[in-house]
Amino acid sequence: MSELFLIAHLAGRWVAVAASQVDSAVDIGEVVAVPCAPPAVRGLAALRSRVVTVIDTQVALGREPAHRARRAIIAAIDGHHYAFLVDAFDDVFPFDAAPLSCGLALDGRWAVAARGVVERDGEPLLILDLAALVPAGVVTDGAIAA
Amino acid sequence: MDDLLQEFIAETRETLDALSGEIVLWEANPTDRARLDAIFRFVHTVKGSCGFLDLPRLGRLAHAAEDVLAAVREGTRAPDTALVNAVLAIVDRIGELTEAIAAGSPLDDTTEDLLIAALAEDAVPLAPASAGPQTRTASRSVRLAVDLLDRMMAGMSDMVLARNELARRLRDQPIDPRVEGALERLSLTVGEMRDTISRTRMQRIEALFSAMPRMVRDTATPLGKLVTLEVEGADVELDREMIELLRDPLVHIIRNAVDHGIEPPALRRALGKREAGRLLVSARQTGNQIVLEISDDGRGIDVDRLIAKAAAAGLHSEAKLAAMTDRQRLDLIFAPGLSSRDVATAVSGRGVGMDVVRANIEQIGGRIALRNRPGVGLTIELQVPLTLSIIPAIVVGVGEQRFALPRQSIEEIVAIRGDAVRIDELGDSRVATVRGRRLPLVDLATLLRIEGGRMQALAIVGTRDGNFALGIGAVLDSEELVVKPVAPAVMGTGIYAGQTLPDSGLPMLLLDGAGIAAAAGLRFVPQVLVDEDQATAQERGIDALLFDDLDGQRRVLPLAAVDRVETVSASAIRLTGGRLHLSVDDGVVPLVTMAEPPATGQVTLLRLTDGVTEIGYPIRDAHEIVTLPVAMAPVRGRPGIAGVAVVNGEQVEVVDGHALFAGEIAPPAVRPLCLLHHDGTGWMDTFLRPVLEASGYRCASTLAPGETAAVTLAMDDDPPAASASGDPVVLLRSRPAMPGEAGIYRYDRAALIAAVAAEMEARGGLRQEMAR
């Protein structure tokens, strides 16, 4: 069964992101830094009337910061909107998702975010799970047990 | 109540519309369990609502239908056609009645008994009533999903931003006045629209209160307790979302009050209280805060037991518990897993803590406070912001960046360049001294690792544990911000409370004062320990307050003599009775000055006390608390100045506290005792006592052993038995005295006071003679 994937270019390679995760793909404006936040959080940006948390996808994958990246995939994860920086987009295509081939040794961060493989014109592309790239925060909410 | 009724009508209509399909399907197949359940739920809801809306007719119908349907659900009755018809007739009737209530038109109730009778098992099948022409009034209210409102709000914000951008672009070039006019109109409309839409989010707190009577009853009954609930201020409005967030804490507090606070009726009777406990829930708005008070007249919090439990639980060491102030002891109730009750009950459970309640209230930017009166009751005060989302904030700049600080958490902002602020290095940390108050200093630029952030001002930030000075750059603006939660990764830093998109179109972060204190590693020492530090400091030398006097001289005054520093209006200072006096709430305070105080504006005033007498000392400005050197150069010929001391390398005059108070007359310490000889009517206590007490006497109706009265007052028709000590007696008459009659008319105040004073003096004179 084929699914829709957005093909994006980041960290020097093409990857696939499930279209169901993607809200929109845009060029973002000025990013306001968030001091003390985890390195993967580039800052905050305004997207129309909404504030999005900008994630430097390359840092989240354990690589060098992508300073020039201005395009981003917008996704809503757990009620918050995030902008994942990418170098470029291709388009949305239907692909058949295949499981990761066994024996494939991915580097730590990639391993956490990879959900499978799709094949574009014979070239295998990793499926990235954006939710896995969001840096964890300390959850502090408690509910009232009445 | 009107709102509730409207809501009930809207809800019933809505359900009836949805139910009409179900009813037809149920009629076709009476054994269909899902349809049966839907109809049962409907009548059950109607019955419940009628209970507190006081709609007995509707309630009776719904109740009858519910009984029958319950029997069908249990399988004790078969859903035959007669039964289905009877139930449907009732559902129809509920619809008609609801419309009649909405229209405010009467509807005769003659057929209702028949409808209910038709539900009986052996009833004659009901002739299907022809549905009369139904009049349906147009509803004036619409039910909306909160989601839709949120989208409306978001759209509104977009609109505001678009307008701002348009205005900015237009400003860059020469602009046609007509375009400018149109833009102005647009701005105005957008502004009004924003207000209106914000108001759609407001809801009366009634929505929260309406469920309370039932909840109190349901909680109290199984416990065998009687509780009267009073609700005040149900018309206070606040954000819908806030109402939802308050629901759980409120339910918890009320259950606690009923379960733990209010005693069982028998115990209450034994204690001399009314059998039914009283629970008062009130709401009021103060500024942009809503204050919710829940008070009961139960047993209050047993602080001693709380302490014992805290010790047993190993929460704090016994020494630390012993050193705690009353306030801190009471606050132990908020410690996780600590409850003042020994036995867990079905209602509150055990160890379900006030800690969770406090956490929840604080999460929505609120505060919780307790007023405990052991044995008499407990009042819990919740203070929450009016809306979740709009917070008055101060925008500060640090380097290139801007941050918002909630205005509520800021006590004041002081510029660093003034004399009022001084910054010192203590070890590797810094402290700021602001007008004698020493505060830990956190430099925001350093904490946030922002380069080029020069500290220009200090914001005094108040947190629950203590205050600290936050070094900031410029104060840029003060505005109301729509604040949204930040992503967990940002929240995890612990220093941000939210994010916002101000009119500039650039996102901004809202700082969290308590979080900053924690991130900077500030540890606030409990007040007791600070007191100890001050005690040791006093052994080194006298602490004194350094200030600029009205004549411009820099002087110091021993701190022990300063009760407090306050700012008063110059108009409260008057030359009366030959000297300057300050009007205060309950009288006047004499003033001592070194120069003429200003006639207008505000005056800083030191309230001095030697423990007995109080005087005021107006000054120009208070600076800081200094420790006086032991050596002091004496001065001569300067009344009011004890000497000159060197403080921080500067010569300052030391005010002669002794001289300040030497001229003052202490208020009379001894008040002579008047014995009131009761005539049994209580007139003496009610009318005479206040007059005498206001004149400086003490009153009693019986003498304590060993006590003698300075004067005895009695009615002339009931004179006291001749007392052994020969105390003077003043006799009062009920009617004015005729010529030749003795005694004083009891309403002749002047004569009465004069007579008491004369007797008092005669007695004093006598005593002096005896002493000679």
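Author: In this predicted model, the axes of helix α10 (residues 240–261) of chain B and helix α15 (residues 354–363) of chain B come within 9 Å and cross at roughly 150 degrees.

Reader: What makes α10(B) roughly antiparallel to α15(B)?

Author: The axes cross at roughly 150 degrees, and angles over 145 degrees count as roughly antiparallel, so α10(B) is called roughly antiparallel to α15(B). The crossing in which α10(B) passes α15(B) is left-handed.

Reader: Which residues of α10(B) and α15(B) meet?

Author: From α10(B) come Asp248(B), Pro249(B), His252(B) and Ile253(B), and they meet Val357(B), Asn360(B) and Ile361(B) of α15(B). By kind, the residues of this contact are four nonpolar, two polar and one charged.

Reader: Turning to the other chain, why is Glu119(A) called partly exposed?

Author: Glu119(A) has 13 C-beta neighbours inside 10 Å, whereas a residue is buried at 20 or more and exposed at 12 or fewer; a count of 13 lies in between, and therefore Glu119(A) counts as partly exposed.

Reader: What share of the residues of chain A count as buried, and what is the pattern of chain A along the sequence?

Author: Of its 146 residues, 32% count as buried. Chain A has two helices and ten strands, which follow one another as β-β-β-β-β-α-β-β-β-α-β-β. Among contacts in chain A between residues at least 6 apart in sequence, 52% join residues at least 24 apart.

Reader: How many residues of chain A are in contact with chain B?

Author: There are 29 such residues in chain A, and they are in contact with 33 residues of chain B. On the side of chain A that touches chain B, β4 (41–47), β5 (50–55) and β7 (80–86) each supply at least two residues, and the largest share, four residues, comes from β4(A). That side divides into 21 nonpolar, five polar and three charged residues.

Note on methods. Residues are numbered from 1 along each chain as its sequence is written. Chains are lettered from A and ligands numbered from 1 in the order in which they are written. This is a predicted model: local features need pLDDT of at least 70, side-chain atom pairs count only at pLDDT 80 or more; totals for chains, interfaces and linings use all residues. Two residues are in contact if their C-beta atoms, placed from the backbone, lie within 7 Å. Ala, Val, Leu, Ile, Met, Phe, Trp, Tyr, Cys and Pro count as nonpolar, Asp, Glu, Lys and Arg as charged, and the others, Gly among them, as polar. Axes are lines fitted to C-alpha atoms, for helices over the stretch in contact, and angles run from 0 to 180 degrees between N-to-C directions. Angles under 35 degrees count as roughly parallel, over 145 as roughly antiparallel, 65 to 115 as roughly perpendicular and the rest as oblique. A crossing is left-handed if the near helix is turned anticlockwise from the far one by less than a right angle, and right-handed if clockwise.
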